[in-house]
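Please open the model in your viewer and keep the selection panel at hand. The tour goes from one selection to the next and says at each stop what is there.

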Amino acid sequence: MEKERKAILEIEHLHLDYRIGGRFCHAVHDVSLTIHSGEILALVGESGCGKTQTALACMGLQPESAHIGKGKIYFEGRELLSQSKQQWNTLRGKGISMIFQEPMTALNPLVKVGKQIEENGRNHGLGKIQARESTLSMMEKVGLPDVGRLYSSYPHQLSGGMRQRIIIAMALINDPPLLIADEPTTALDVTIQKQIMSLMKTLNKELGTAIMLISHDLGVVSHLCDYVHIMYAGTIVENGPVHMILNKPLHPYTKGLLGSIPSYGKKDQRLDSIAGIVPSLENRPQVGCQFYNRCTQRMASCKNISPHATMRDGHMVACHLYPEEA
Amino acid sequence: MKRNFPLRRYFSNIHFAIGFYMVMTVVSLMILGFFYIPYDPNAIDIAHKLQGATTAHILGTDQLGRDIFSRVLVGTRVSLLIGILVVGFGVLIGTPLGALSGYFGGKTDEVIMKVIDTQMAFPGILLALMIIAVFGTSLQNTVLALGLMSIPRFTRIARSGFMKYRNAEFVQASRARGASHARILVLHILPNIVPELLVTASLGFASAVMSEAGLSYLGLGMQPPNPSFGKMLSEAQNYILQAWWYVLIPSVAISLLVMGFNLLGDGLQSINQQ
Amino acid sequence: MGYYVRKILGFIVTLFLVSVITFLVFQILPGDPALVILGVDADPVQIEALQRTMHVDEPVVERYVSWVGSALHGNLGISFRYQKPVSGIIADCFSVTALLALFTLVLTILIGLPIGIWLAKHDKAKYIVPFSLVSQLGVSIPSFCMGILLISIFTVKLRWFPSLGFTPWSQNPLACIKGLFLPSFSLSLGTSAVLIRYLRVSIISEQKLDYVRTARSKGLDENTVLQRHVLRNSLIPVITIFGMLVADVLGGSIIIENVFSLPGIGKLIATSIATRDLPLIQGLVMYLACIVVVCNASVDLLYSLIDPRIRLL
Amino acid sequence: MRQHDILVECSQLVKEYKGTRNKPVRAVHDLSFSIRQGETFGLVGESGCGKSTLGQLMVRLLEPTSGTVRYTNFQDGRGNRKQEKAMRKENQIIFQDPYSSINPRKRIGWLVEEPLIIHGIGKDAQERKAMVCSILKEVGLDDSYLDRWPRELSGGQRQRVAIAIALILNPSFVVCDEVVSALDVSVQAQVLNLLQELQEKFGLTYLFISHNLQVVSYLSDRIGVMYLGGLVEMGDTEQIYHHCLHPYTKALFSASVDAFDSVKEDLLLSGDIPSPSRSPSGCPFHTRCISCMKRCIEENPSMVEVSPGHFCACHLIQGMNT
C-alpha cells in the first residue's frame with residue numbers, strides 16, 4: 001500500500017561528524033530513512049541522539065563545524081548535499097520548510113509577524129500583493145483569529161501558541177511538499193500542545209504536506225505519526241509503523257524507553273529504566289553497538305560488531321538479538 | 001598535574017599570556033627599582049640635559065639632565081601603588097554596595113543605583129578633577145578621587161551578579177534549608193561572581209593607571225619633583241622638537257601597564273566564559 | 001505612556017542629583033573657602049567681599065536653592081579670574097569642544113562600523129586574534145599619549161598638519177578641519193575600538209539566535225539575513241554604547257584639548273583648577289554633566305522608538 | 001492505605017505580587033487543602049497557574065499575603081528563630097533545573113555537608129562526613145563524588161545530589177518542584193524510582209509539582225489540579241483518573257497524550273491561558289470552557305465535595321447536586 005506513494009525525501013547512509021580533539025566523533029552514524037508524500041514520520045530519541053542534526057543536514061543548516069562524511073540525501077530525486085549555496089536557498093522554505101522548538105525566540109522580535117511570513121513568500125517569487133494575500137489566508141488556515149490586526153503585531157505581543165501558529169504559517173506559505181518540525185510542541189503547555197498537534201494533523205490532511213516530526217515524546221508521536229524511527233547515539237536502532245513499535249518493541253533501547261514512561265497504569269510498580277546516560281560525542285564507540293554499555297541483554301558480539309538492520313515482524317531493528325535470517 | 005592544569009588553561013589564552021608578561025615587565029622594573037637605581041632620580045645635571053641613549057644613561061636624560069631610566073624605575077612604583085589603592089577602594093566600597101543592591105532589590109536598589117548612575121554623568125576624569133580642585137593635589141586626594149570614580153563599575157558588576165543569583169534555584173534551596181542571608185551572600189553567591197570581579201578589577205586597574213597619568217599630565221596628580229609618567233609626558237612634550245624620543249618613553253610605560261591589565265582582564269573574561 | 005513618564009522622572013532626578021553633588025563638593029572646602037581661594041596673604045577687604053558673594057553665613061539648603069535658581073536662569077556666578085559671568089565664558093569655549101566631539105563621533109562611526117561588521121562576518125581566529133590585539137592598542141594607549149605621538153610624527157616630522165591651536169569654522173572651514181583632525185583622530189582610536197568590539201560581539205551573539213536560523217530556513221541568502229535581520233537587531237544594544245561613547249569623548253576631550261592647546265572647555269577646566277577659579281569649575285562641571293545626562297536621555301528615547309518591545313515593559 | 005494524619009494544612013492561602021502599574025497579580029488565590037503524613041500529593045497545572053508559588057509558600061520561602069500554612073508536627077516558625085530553624089529542617093524543596101539547583105562553585109562534599117553545619121548537627125567533621133557519605137550512597141552516588149565539582153556531573157547525577165542535600169537533614173516534608181521535567185525519559189525514570197524508594201525508606205511526605213499529568217498520576221496518592229491560581233479539582237488519583245469532573249481536568253487528560261492509552265475523549269480547548277495579571281471574572285476557566293454558562297461568567301464556583309475526598313469547583317457539578 002505504501003508503494004503507491006512517491007518518496008519525497010530519501011536519506012542514505014548519512015554520516016555527520018564533529019572534530020573534537022583531533023578525532024572525528026560521530027553525531028549521526030549511517031542513518032537511512034525515507035519519507036513518502038503526505039506521510040507523517042517521526043524521529044524519536046533522547047537529547048543528544050542526533051535527531052536534530054539529521055534534520056538540519058536535510059536543510060543544509062548544520063553548524064559550520066559539522067562535517068558530512070558519507071551519505072546522500074535525495075529530495076524528489078535530486079541529490080542535495082552536492083548542490084550549491086544558491087540551490088540550497090531556493091530549496092529552503094519552498095521545497096522543505098522547517099519549524100523549531102522555541103516559538104518564543106524563533107521570530108525576529110523587531111519585525112511585524114505578518115512581514116516575517118510574507119518574507120518567505122516574497123523570497124520565493126510571490127509578488128507584493130499576492131504575498132500579502134496568501135499570508136493572510138495562511139494565517140487563517142492555521143487558526144489565527146483577527147488576522148488583519150495580527151498581521152501588524154510584534155512577536156512579543158503574542159502568546160507561545162500563537163507564535164507557533166505564525167511559524168507554521170510561515171513554513172507553509174509556499175506549500176512545500178515536506179515540513180520538518182523539530183520538537184514543535186515541547187516548549188508549550190499541554191493544552192496548547194494539543195492544539196498545535198491537531199493543527200498539524202489537519203494541515204497534513206488538507207495540504208498533503210509530508211511531515212518529519214522530531215520529538216522525544218513517544219506520547220505525542222503515537223497520536224500524530226504513521227511511522228517511527230527510534231534513534232540512539234546517532235544511529236537508528238529500530239523503525240516501523242507506530243503501532244508496531246509501541247506494542248511490540250524489539251530493540252532493548254526501545255523497550256527501555258517505553259518502560260521508562262510513567263503512567264497511571266504502572267502505578268506502584270518500579271519503572272523499567274535504562275541505567276546510565278546517552279554517551280557524549282567523545283565517548284561513543286567506533287565499532288560495535290552504540291547501546292552496548294547500557295544494554296541488559298548484551299552479548300560478546302555486540303561490543304565488536306555493529307549490528308545491521310533486519311526485518312522482523314513488520315519492522316526493522318538493528319540488534320544482534322535478531323540475527324539476519326538466511 | 002592538578003596544580004599544573006589551571007595555569008595551562010590561563011596561559012593558553014593569548015590575551016592573558018601577553019597581558020601577564022606586559023604587567024610582569026613593569027612589575028619587575030619596579031622590583032629592580034627597590035634594589036638598584038643607577039642615579040638619584042631627582043639629581044639635576046644641566047650639563048648633560050636631553051641626551052639620547054648612552055652607556056651611562058641607557059634611556060637618556062631629561063631637560064634637567066636627570067636620568068630617565070632611574071625616573072622610570074621610581075615612576076612604576078607610583079603607578080602601581082595608585083592602581084592597587086584605587087582598585088582596593090573600588091572593590092571594598094563598590095562590591096558591598098552592589099551586593100546589597102542586587103540581593104535585596106526594591107528601594108535599596110533604587111537608591112543605590114540612582115546615586116551610581118548619577119556618578120556616570122561626570123564624564124572621564126571630571127569627577128576626579130572636581131575633587132582635586134577642592135581638596136588640592138596630593139597622593140591621598142588622587143587616590144580618593146580615582147577611587148570614587150572606580151566605585152560604579154564594581155557596584156554594577158556586583159549588582160548584576162547578585163541579582164542573577166538572588167533567585168537562583170540553589171540559593172532558594174539553601175534559604176529553604178535555613179541558611180542566613182550572610183551565609184548566602186558570602187558563601188554561595190560571592191564565589192560565583194569572584195571571576196567577574198577579578199576581570200573588573202583588572203580593567204579598573206588599567207583605567208586607574210590611565211586616569212592617574214592623565215591627571216599628572218595636567219599637573220594635577222603627583223607633584224614634582226617626584227617622577228610620574230604623566231608628568232614626564234607633559235614635560236617631554238615641551239621638548240618635542242629637540243628630543244622626540246623622550247615622549248616615547250613615558251608613553252610606552254603607560255601603555256604597557258594599561259594594555260597589560262586590559263589584556264589580563266579580557267583574557268580572564270574569555271576564560272570565564274569557556 | 002508610563003514608560004516615558006518614568007524616563008522623564010528619572011531624568012529629572014538625575015539632573016537634581018548631579019546638581020546636588022556638584023554643589024556639595026564645593027561646600028566641603030577645608031577651612032574658610034574665601035581664604036582658600038584667595039590665599040592666606042590676601043587683602044582682608046577682598047576676603048570679606050568674597051565671603052559676602054558666597055553667602056557663607058546662610059544655611060546650605062538655602063544657598064543650594066538660590067544657586068540652582070540662578071543656574072536655571074543661566075547665571076552660574078562670576079569667574080574670579082576673568083571677572084566675567086561663567087555662562088558667557090563657557091558659551092565661548094563650547095563651540096570648540098562641540099566641534100571636537102562631533103568630529104570624533106563621526107570618525108568613530110566611519111572607522112568602527114565597517115570594521116565591526118566585517119569582523120563579525122569573518123568570525124575566524126586568524127582575523128580576530130590580530131585584530132583584538134590591535135584594538136587593545138587603541139583602547140590602551142591613552143589618547144593624550146597618542147596625541148603627542150601623532151604631533152611628533154605628523155606635525156613635527158612630516159609637517160602635514162598645522163601645529164597647535166584652533167581656527168574657528170567661520171573663519172576657515174578647511175583649516176578648522178585640519179586643526180581638529182589630529183585631536184579627534186587620537187580620541188576616536190579608543191572609541192572606535194570600543195565600538196568595534198561591541199558591534200562584533202552584538203552581531204555574533206545575534207547571529208546565534210533562533211530567529212536567524214528561521215530566516216535561513218526561509219532560503220534567504222547570507223547577505224539578506226545579515227542586512228534585513230541581524231544588523232538591525234544588533235545595532236540596538238550598540239546605541240547604548242554610543243551614548244556611553246559621547247561621555248567618553250567629552251571626558252577625553254578634557255585632556256586632549258590641553259595636549260593640542262585647543263581653547264575648549266577642557267582647557268578651561270585645567271586652567272581654572274590651576275587658578276582655583278571655583279565658580280568657573282563648578283559651572284563647567286555642571287555644564288558637562290548636564291550634557292551627558294541629556295545625551296543618555298536621548299539615547300533612551302531613541303531606543304524606545306526603535307525597539308517595539310520596550311514601550312510595553 | 002497509608003495513615004490519614006494531616007501533616008501540612010493550608011487555609012485560604014492568597015499570594016499576590018505587585019504587577020506592572022502596581023496592579024496586584026494573584027499567583028495563588030484562596031487555596032485550602034491539606035497534605036497527609038506519608039503521602040505523595042501531586043499538583044498539576046500549566047504555566048502561570050501558581051503551582052510553583054504554592055510550593056514555595058508551603059516551605060515558607062514566600063510569605064503568604066493572607067491565609068496560613070500550618071504544620072502539625074512542629075511549631076509554626078514565624079517570629080521565633082529557633083522554631084523557624086526547626087521548621088527549615090523539617091521542610092525541604094528540590095527544584096527543576098539540574099544545572100542551577102546546585103551551586104556550581106562548590107564541591108559536592110561541601111554542598112551536601114552544608115545543611116548539617118547550618119543546623120549544628122554532627123559532633124565533628126568526621127561524623128558529618130560519615131553522614132554525607134551515607135546519604136550519597138542512598139541516592140546512588142559513591143564516596144568518589146565528595147571532591148567533584150557540579151560541572152563534572154550529568155543532569156541526572158546533579159538531581160541526585162540535590163536530593164541528597166535535601167534529605168541529609170532527615171526532613172518530613174519535601175516539595176519536589178518539577179524535579180524530573182528537565183531530564184530525558186530514561187533518566188527521569190531513574191529519578192522517579194529513586195524518589196519512591198527514598199519515600200518508603202524515610203517515610204517522607206511529598207508535594208510533587210509537575211505539568212506532566214502522566215508523571216503525577218503515576219507517582220501520587222492524591223492529585224490537585226490548579227488553574228490560574230486556584231484548585232479546580234482535587235481527589236484520590238483513582239478518582240481523578242477515572243472519574244474527573246471538571247472540564248479543565250478532562251481537557252488536561254485529553255491533551256496529555258499517553259503512548260499506551262488511546263485517547264478517551266477528544267477534547268480540544270480553544271484559546272490561550274489568560275495571564276494571571278488579567279484574570280477573568282467569575283470562574284477563571286470560563287474563557288476556554290466548552291460548557292460555559294452565564295453563571296460561570298459572573299460567579300466563581302466554590303469547592304464542593306462530590307464524593308468522599310473528591311472535591312471539584314464547577315457550576316456544572318453544583319447544578320447536578322441541587
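Select Ala309(A) together with Ala318(A), its bridge partner in β13(A). Strand β12 (residues 309-312) of chain A runs antiparallel to β13(A), and four bridges join them; strands here are DSSP runs (E) of at least two residues, helices are runs (H or I) of at least four residues, and both are numbered from the N terminus, while two strands pair if DSSP finds at least two bridges between them. This is a predicted model, in which local features need pLDDT of at least 70 and side-chain atom pairs count only at pLDDT 80 or more, whereas totals for chains, interfaces and linings use all residues. Residues are numbered from 1 along each chain as its sequence is written, chains are lettered from A and ligands numbered from 1 in the order in which they are written, and side-chain values use heavy atoms, with hydrogens and water left out.

Most residues other than glycine have a negative phi.

On β13(A) (residues 315-318), now select Val317(A), which is the bridge partner of Glu238(A). The pairing of β11(A) with β13(A) is antiparallel and has two bridges.

Follow chain A to Ala233(A), in the loop between β10 (227-232) and β11 (235-241). Ala233(A), too, has a positive phi, near 45°, and is buried at a relative accessible area of 0% (buried means under 20%, exposed over 50% and partly exposed in between, with a 1.4 Å probe and protein chains only).

Then select Arg163(A), in helix α6 (residues 160-172) of chain A. Is Arg163(A) buried or exposed? With 10% relative accessibility, Arg163(A) counts as buried. Leaving aside residues up to four places away in sequence, its contacts include Pro103(A), Met104(A) and Leu107(A), contact meaning heavy atoms within 4.5 Å. The side chain of Arg163(A) also reaches two backbone oxygens, that of Pro155(A) at 3.1 Å and that of Leu158(A) at 3.3 Å.

For the last stop, go to chain D and select Asp30(D), in strand β2 (residues 24-36). Asp30(D) has a positive phi near 50° and is partly exposed, with a relative accessible area of 45%. With chain C also displayed, look between the two chains: no contact joins chain C and chain D, and their closest C-alpha atoms lie 8 Å apart.

Conventions
Polar contact = N/O pair within 3.5 Å; in protein donor to acceptor, adjacent residues only side chain to side chain.
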